[in-house]
Amino acid sequence: MGKTARYRPKPATFAPVRALEQYYEKLRNEGMGLITLLTDFGYRDHYVAALKARLLHLAPGLPVVDISHGVEPFNIAHAVHVLQAVFRDFPAGTVHVIGVDDHGVGPEPGWQVALFQGHYFVAGDNGILALLTSGAPEQLVALPAAITASPTRDVLLPAAVALAQGATLTDLGPLVTTFHQLNNRQVRLQDHRVTGHVAHVDHYGNLITNISRTAVEAVGHGRGFTIHFGRDVVHELHPHFSAAPPGEAVAVFNSQDCLCLGICQGNASELLGLHFDSQVDVRFKVE
């Protein structure tokens, strides 16, 4: 029989990470705003270059970080997962432009800006902001309507630049309290089990779940556990995906403390037949 899983310490912070933190701190001290870009524009066409060209016209010296332009087209869940995983790593006050399904929902497009956990998010009113903030942004404003073929370039970017250069939310538009609602899948906690789902399949085919380390610890109280997904069971947590022999199923907590499943040097989604929303159970030893 395999061993039951035990907790492993979180990895230490290394010097290069600290150097990046000092760089962003320097930008803040100099009063320079920061914009990030997350889109489903892809990398084979001119769309990202057009976005950058527009930014150069609006604010030539403004620091810009590309989070990704490889979000699956119109895939709101993918966009939310990527942004949730990384936005807190940026300094407070960063403006995040989300150009995914950017026309919003319905015949009349709408665009909004949300303040959440000290960050600004500029997006179409398509459910992204509801998922990202769990339905509770600290402030929300509506951007002026416009007729355009490229809302990210013509509506979202100017608003983001204004914020990065010192504008307030209410400078951009009126405060509102409603937006298009979508709900996150909820983790189910029981006495001896945590049930969650695959929230994202990454580039390597690894399965990132919505089960957090906090949920596992709250139910487990230090007990051993096994992880069940499809017809497979993992009996041990590893510090990283390459810690197991090639071809073996692996379970880890990633840097966001989400439970992840993979195949060492393999594509877990393809080999295990699991995809977005597949069920994953953490079952605890009954003593």
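This is a chat about a predicted model of one protein.

Visitor: How is the model numbered, and what was left out?
Guide: Residues are numbered from 1 along each chain as its sequence is written, and side-chain values use heavy atoms, without hydrogens and water. The model is predicted, so local features need pLDDT of at least 70 and side-chain atom pairs count only at pLDDT 80 or more, while totals for chains, interfaces and linings use all residues.

Visitor: How many helices and strands does the protein have?
Guide: The secondary structure comes to eight helices and 14 strands. Helices (H or I, at least four residues) and strands (E, at least two) are DSSP runs, numbered from the N terminus.

Visitor: What share of the residues count as buried?
Guide: Of the 287 residues, 45% count as buried. Buried means under 20% relative accessible area, exposed means over 50%, and partly exposed is in between, with a 1.4 Å probe and protein chains only.

Visitor: And what area does the protein expose?
Guide: About 14900 Å², with carbon and sulfur atoms supplying 53% of it. The areas come from the Shrake-Rupley method with a 1.4 Å probe; for residues, only the protein chains shown count as cover.

Visitor: Let's take a helix. Which residues of H2 are buried?
Guide: Val 48, Leu 51 and Leu 55 are buried in H2. Seen down the helix axis, the buried residues of H2 fall within an arc of 60°, so they line one face. The arc is that of the directions from the helix axis to the C-beta atoms.

Visitor: Why would residues three or four places apart point the same way?
Guide: An α-helix has 3.6 residues a turn, so residues three or four places apart point the same way.

Visitor: What do the buried residues of H2 pack against?
Guide: They pack against strand E1 (35-39), strand E2 (64-68) and helix H5 (151-164). Contact means heavy atoms within 4.5 Å.

Visitor: What is on the face turned away from the buried side?
Guide: That face of H2 carries the exposed residues Leu 56 and His 57.

Visitor: What span should H2 have?
Guide: H2 has twelve residues (47-58), and at 1.5 Å a residue they should span 16 Å; the end C-alpha atoms are 17 Å apart, which agrees. The expected span is 1.5 Å times one less than the number of residues.

Visitor: Strands now. Is E13 mostly covered or mostly exposed, and which strands pair with E13?
Guide: Strand E13 (residues 258-263) is mostly covered, with five of its six residues buried. Strand E12 (residues 249-253) pairs with E13 in the antiparallel sense over five bridges. Strand E9 (residues 207-212) also pairs with E13 in the antiparallel sense, over three bridges. Two strands pair if DSSP finds at least two bridges between them.

Visitor: Which residues stand opposite each other?
Guide: Val 252 stands opposite Cys 260 in E13, and the bridge partner of Ser 212 is Cys 258.

Visitor: What lies between E12 and E13?
Guide: E12 and E13 form a hairpin with four residues between them, and Asp 257 in the turn has a positive phi of about 60°. Most residues other than glycine have a negative phi.

Visitor: Where else is phi positive in a residue other than glycine?
Guide: Asp 101 has a phi near 50°. Asp 101 is in the loop between E3 and E4 and counts as partly exposed at 22% relative accessibility. His 221 also has a positive phi, near 50°. His 221 lies in the loop between helix H7 (213-220) and strand E10 (225-229), and counts as exposed at 68%.

Visitor: New topic: how many aromatic pairs are there?
Guide: The count comes to four aromatic pairs. Rings of Phe, Tyr and Trp (its six-membered ring) pair if their centres lie within 6.5 Å; planes under 30 degrees apart count as stacked, over 60 as edge-to-face and the rest as tilted. In one of the pairs, the rings of Phe 87 and Phe 116 have centres 6.3 Å apart and planes at 50°, so the pair is tilted.

Visitor: Where do Phe 87 and Phe 116 lie?
Guide: Phe 87 lies in the loop between helix H3 (76-86) and strand E3 (95-99) and Phe 116 in strand E4 (residues 111-116), so the pair ties together parts 29 residues apart in sequence. Phe 87 and Phe 121 form an edge-to-face pair, 5.1 Å centre to centre with 90° between the planes.
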